[in-house]
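Please walk through this structure with me, one question at a time, for someone who has not seen it before.

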Amino acid sequence: MRYAICFTPSPSDPLSHVAANWLGRNVFSGEMLEPPAVRGLGIHEIAFHTAVPRRYGFHGVLKAPFHLSADVSEAQLLRELMRFSGTIQPFSVPRIEVARLGNYYSLVPTLPCENVRYLASSIVQHFDRFRAPLSEADIERSDPDGLSAAQFANLHRWGNPYVMDEFRFHMPVTGPVNCVDMPRIEQALRSIFEPVLNEPIQISNIALMMEEGMGGPFRVHSLHPMGKVSARKIA
């Protein structure tokens, strides 16, 4: 079983509903959903292109999946995440958009957001003591030969190549897409997501996500409001 620390909008957020329908699974309940009707895309084609992000659910990673260290418990992780969340003030990302990252599509901030980068870096560092060391097999799965020097150093220090200066916040909405299909997939994504991307995204909670069994889907274990109870307002 693995855990991850992420951002995902609240269950009632319109973006959560749209993303759950597109991916075919609700990250809170685990309920499987029928994909939306999209002109030019079949149901099976949507299911194929969303297979990878469906397993992880709609989220933006702050601390990538990790096994718990042998000397800590889930209860300790939960208590510390509750305490930590109260020390971080909520904020908003002015705008996010559909974007292609390599051969994947994700929702990403239109402009770099230092608040998100700071939050992710803080979480990676603060919760590193809860992470079990990577095994040799874990390291090999990260394709160390394909990493830059900075990414390789991050992998060995923090268990993930894409942290600190290498971090880019994104909320995946497809797996790999071949070049031939990209125009149709991108058009579909824009038609589905852009109607709910007009308002700023409120980053006001931190989600603890948990893998169901070995290699199973991830679900939200708990949401932790950011900021002091007496002053939880979006900055």
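Q: In which strand is the place of methionine 210, and is this residue buried, exposed or partly exposed?
A: In this predicted model, methionine 210 belongs to strand 8, which covers residues 205-211. Buried would require under 20% relative accessible area and exposed over 50%. The relative accessibility of methionine 210 is 22%, so this residue of strand 8 counts as partly exposed.

Q: How many Å apart in space are methionine 210 and histidine 221, C-alpha to C-alpha?
A: Leaving aside neighbours within four places in sequence, methionine 210 is in contact with several residues, among them Met1, Glu74, Phe218 and His221. Methionine 210 and histidine 221 are 11 residues apart in sequence, while their C-alpha atoms are separated in space by 5.8 Å.

Q: Which residues does serine 16 contact, leaving aside its neighbours within four places in sequence?
A: Serine 16 is part of helix 1, residues 14-23, and counts as buried at 10% relative accessibility. With its neighbours within four places in sequence set aside, the residues in contact with serine 16 are Pro9, Ser10, Pro11 and Phe28.

Q: At roughly what angle do the axes of helix 1 and helix 8 cross?
A: Two packed helices are described by the distance between their axes and by the angle between them. Where helix 1 meets helix 8, Leu15, Val18, Ala19 and Trp22 stand against Leu189, Ile192 and Phe193, a contact with 7 nonpolar, no polar and no charged residues. The axes of helix 1 and helix 8 (residues 182-193) come within 10 Å, and they cross at roughly 145 degrees.

Q: Which element gives the largest share of the lining of the largest pocket?
A: The largest pocket holds about 1,500 Å³ of space, and of its 49 lining residues the closest to the centre are Tyr56, Ala64, Pro65, Asn160 and Tyr162. Among the elements that give two or more residues to this lining are strand 1, helix 3 and helix 7. By class the lining divides into 27 nonpolar, 14 polar and 8 charged residues. The largest share, 7 residues, comes from strand 2.

Q: What value is phi of methionine 164 near?
A: Most residues other than glycine have a negative phi. Methionine 164, in the loop between helix 7 and strand 6, is buried with a relative accessible area of 17%. Its phi is positive, in a residue other than glycine, and is near 55 degrees.

Terms used:
Residues are numbered from 1 along each chain as its sequence is written. This is a predicted model: local features need pLDDT of at least 70, side-chain atom pairs count only at pLDDT 80 or more; totals for chains, interfaces and linings use all residues. Side-chain values use heavy atoms; hydrogens and water are left out. On a 1 Å grid over the protein atoms alone, a cavity is a set of points where a 1.4 Å probe fits but cannot get out, and a pocket is an open set with protein on both sides within 12 Å along at least five of seven lines; lining residues have an atom within 4 Å of a point. Grid points are joined across faces, edges and corners, and a volume is the space filled by probe spheres set on the points. Helices (H or I, at least four residues) and strands (E, at least two) are DSSP runs, numbered from the N terminus. Ala, Val, Leu, Ile, Met, Phe, Trp, Tyr, Cys and Pro count as nonpolar, Asp, Glu, Lys and Arg as charged, and the others, Gly among them, as polar. Buried means under 20% relative accessible area, exposed over 50%, partly exposed in between (1.4 Å probe, protein chains only). Contact means heavy atoms within 4.5 Å. Axes are lines fitted to C-alpha atoms, for helices over the stretch in contact, and angles run from 0 to 180 degrees between N-to-C directions.
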